[in-house]
Every structure is written in C-alpha cells, then in structure tokens.
Amino acid sequence: MLTSLSELPQRKASGSKVAVLTAYDYPTARMLDDAGIDLILVGDSLGMVVHGLPDTTGVTMEMMLIHTASVCRGVKRAPVIADLPYASYRTAEEALANAKRLMDCGASAVKLEGGVSMIPQVRAIIAAGIPLIGHIGMLPQSVKEEGGYKKKGKTSEQIGRLIADAQALDAAGAVAMVLESIVPEVATQITGLVQASTIGIGAGSGTDGQVLVTPDLLGSFPWFRPPFAKARADVASETHRAVCEYISEVQGALLR
Ligand code: KIV
C-alpha cells in the first residue's frame with residue numbers, strides 16, 4: 001500500500017496496480033485507510049452522493065474544504081487527493097490560491113479536470129511544490145457544455161485530443177491522471193505513452209490503477225450506479241432493515 005505519492009513511478013514500473021477510492025468524511029476515510037487503500041480521493045462527486053445535487057457544477061470550495069479536512073483527520077497513512085471544484089481554477093492565480101487552501105486542510109495533492117487548456121494552471125500549482133493529478137476523458141464539470149456524460153476516444157479526432165491532453169499533463173509534471181470513461185484500448189495506449197500513473201474509471205483494465213466512487217462500491221447510493229461499477233455490499237438494504245427493526249422495536253416498546 002502507498003504511503004507517499006512519490007512511490008507512484010515505482011508502482012507503475014512494477015506493474016502493480018494502484019487502488020483508489022473516494023471518501024468525503026472522517027469515518028469512511030478512516031475505514032479505507034485501515035483497510036489498506038492506496039490513495040483516497042475527496043472527489044467533487046460528493047455534490048451528488050453526499051449533497052444530493054444533480055451534478056458536480058454546484059460544488060463549492062467551501063464544501064471541498066470541509067470534506068477534505070474531515071477526511072484528512074481520519075487518515076494516518078494513505079495520501080489524500082482533493083478535487084478543485086467547478087470554477088475554482090479559471091486562472092493560474094486562482095488555481096494556485098485554491099490548491100493551497102486544500103493543501104492547508106491536509107491534502108497531499110490536488111486534482112483538476114482538463115488537459116492542454118489547463119496547462120498554465122497545472123504549471124502554477126506544480127511550481128509551488130504541490131503535487132497535481134490531472135483528469136481527462138469525460139469531464140463531469142463540463143457536463144452542461146457537453147450535453148451529457150459521453151464516452152471519449154471513439155473517433156480519431158477524439159483520440160488525438162486525448163493523447164495531446166495526456167502528454168501535455170505529463171510534460172508539465174503531473175504525478176498521475178484520471179482517465180474517465182475512455183475507450184479501453186485508448187486508455188491502455190495513453191498509459192503506455194506517459195510517465196505519470198493513469199487511474200482509470202470506466203476505461204478498462206489497462207490503466208495503472210482504478211478509482212471508484214465509494215458509495216457505488218458499497219451500495220449506499222442505490223438510486224444511480226454507473227454500469228462499470230460493481231457493488232460489493234448492499235449498505236442501502238442493510239440500512240433499511242436496521243431502521244425498520246429499530247422503528248418496530250421503539251413502537252412495540254411504546255405500546256407495552
Ligand atoms: O469526483 C470524483 O469522485 C472523481 C472520480 C470519479 C474520479 O473525480
């Protein structure tokens with residue numbers, strides 16, 4: 001299991017895959033850390049799975065700061081990556097100022113969405129000594145402009161753009177990059193082209209690691225789960241059972 005992001009290049013070279021999960025609160029982060037997860041991501045997916053928003057564009061820096069601090073209090077070992085939310089990195093100056101605020105909460109790195117178009121922001125963050133994770137492919141923060149969540153890498157033009165994005169992030173010094181919802185063969189090709197570790201989600205098994213939204217893994221957000229996410233528990237059903245049992249016991253006790 002990872003104790004530092006500086007171990008990522010060696011993991012890539014060895015071919016040993018990196019396991020990443022999201023956490024948004026102290027108890028989940030503590031359980032993931034204790035279980036040996038390599039990296040913890042405080043993803044802006046919290047907008048949907050914690051705050052009930054329709055997408056990630058309503059997530060604010062204030063939300064990310066509270067959740068990042070809660071997660072970092074629960075973690076003793078695993079490096080914590082914090083997402084820069086929507087409209088928090090419109091310029092290099094804004095990106096750096098907000099990256100510093102997340103690092104002050106205890107994060108080990110920050111993540112932002114985009115490739116070539118984000119290189120000034122990426123360079124400013126890395127130049128300040130803050131490890132940077134890129135995120136390319138399907139970009140949830142751009143869902144409104146894109147008109148939905150669409151798989152990337154289906155046309156030669158898209159493939160060319162993905163490769164250019166990945167190589168630009170790599171050349172700028174990104175330590176890793178999330179490849180989201182990319183045709184598996186293209187994600188595998190990118191993985192072979194870059195020094196940074198690739199962390200896939202909905203991008204096949206050829207990346208250097210995988211990330212999942214933890215409520216999808218645990219079955220604790222039953223109203224939506226992406227098709228590629230395999231639930232390994234059914235927390236929603238178990239919660240329903242426990243709550244019904246409690247209600248019956250309380251109401252039964254009141255009647256007695
Ligand atoms: O916000 C998030 O949880 C993410 C993952 C889906 C990679 O960015």
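The largest cavity in this structure has a volume of about 70 Å³. The model is a predicted one. If you search the whole structure for cavities of 30 Å³ or more, you find one.

What lines the largest cavity? Val20, Leu39, Leu41, Ile81, Lys111, Ile133, Ala176, Val178, Ile199 and Val211 do. Strand 2, residues 39-42, and strand 6, residues 176-180, are the elements that give two or more residues to that lining. By class, nine of the lining residues are nonpolar, none is polar and one is charged.

A word on how such spaces are found. Rolling a probe the size of a water molecule over the atoms shows where empty space is left.

The largest pocket has a volume of about 720 Å³. Its lining is made of 32 residues, and Met48, Met138, Glu180, Val213 and Pro226 lie nearest the centre. The elements that give two or more residues here are helix 3, residues 46-49, then strand 6, and strand 8, residues 209-212. The lining of the largest pocket divides into 18 nonpolar, six polar and eight charged residues.

Where does the ligand sit? The ligand is in the largest pocket. Around the ligand you will find Thr22, Leu41, Gly43, Asp44, Ser45, Asp83, Lys111, His135, Val178, Ile201, Val211 and Val213. Sorted by class, that shell holds five nonpolar, four polar and three charged residues.

Now the polar atoms. Ser45 has a polar side-chain atom 2.5 Å from an oxygen atom of the ligand. For Lys111, an N or O atom of the side chain is 2.9 Å from a ligand oxygen. For Asp83, an N or O atom of the side chain is 3.2 Å from an oxygen atom of the ligand. How much of the ligand does the protein cover? On its own the ligand has 260 Å² of accessible area, and the protein covers 96% of that.

Last, the second largest pocket. Its volume is about 490 Å³. The second largest pocket is lined by 24 residues, with Gly114, Ser117, Leu139, Ser142 and Glu146 lying nearest its centre. Strand 5, residues 132-137, helix 7, residues 143-146, and helix 8, residues 156-172, are the elements that give two or more residues to this lining. Which element gives the most to the lining of the second largest pocket? Helix 8 does, with four residues. By class, the lining of the second largest pocket has eight nonpolar, nine polar and seven charged residues.

That is the end of my part.

Technical notes: Residues are numbered from 1 along each chain as its sequence is written. This is a predicted model: local features need pLDDT of at least 70, side-chain atom pairs count only at pLDDT 80 or more; totals for chains, interfaces and linings use all residues. Side-chain values use heavy atoms; hydrogens and water are left out. A residue is near a molecule or strand if one of its heavy atoms lies within 4 Å of it. A polar contact is a pair of N or O atoms within 3.5 Å; within protein, one must be able to donate a hydrogen and the other to accept it, and residues adjacent in sequence count only if both atoms are side-chain atoms. Accessible areas come from the Shrake-Rupley method with a 1.4 Å probe; for residues, only the protein chains shown count as cover. On a 1 Å grid over the protein atoms alone, a cavity is a set of points where a 1.4 Å probe fits but cannot get out, and a pocket is an open set with protein on both sides within 12 Å along at least five of seven lines; lining residues have an atom within 4 Å of a point. A molecule sits in a cavity or pocket if more than half of its atoms lie within 2 Å of its grid points. Ala, Val, Leu, Ile, Met, Phe, Trp, Tyr, Cys and Pro count as nonpolar, Asp, Glu, Lys and Arg as charged, and the others, Gly among them, as polar. Grid points are joined across faces, edges and corners, and a volume is the space filled by probe spheres set on the points.
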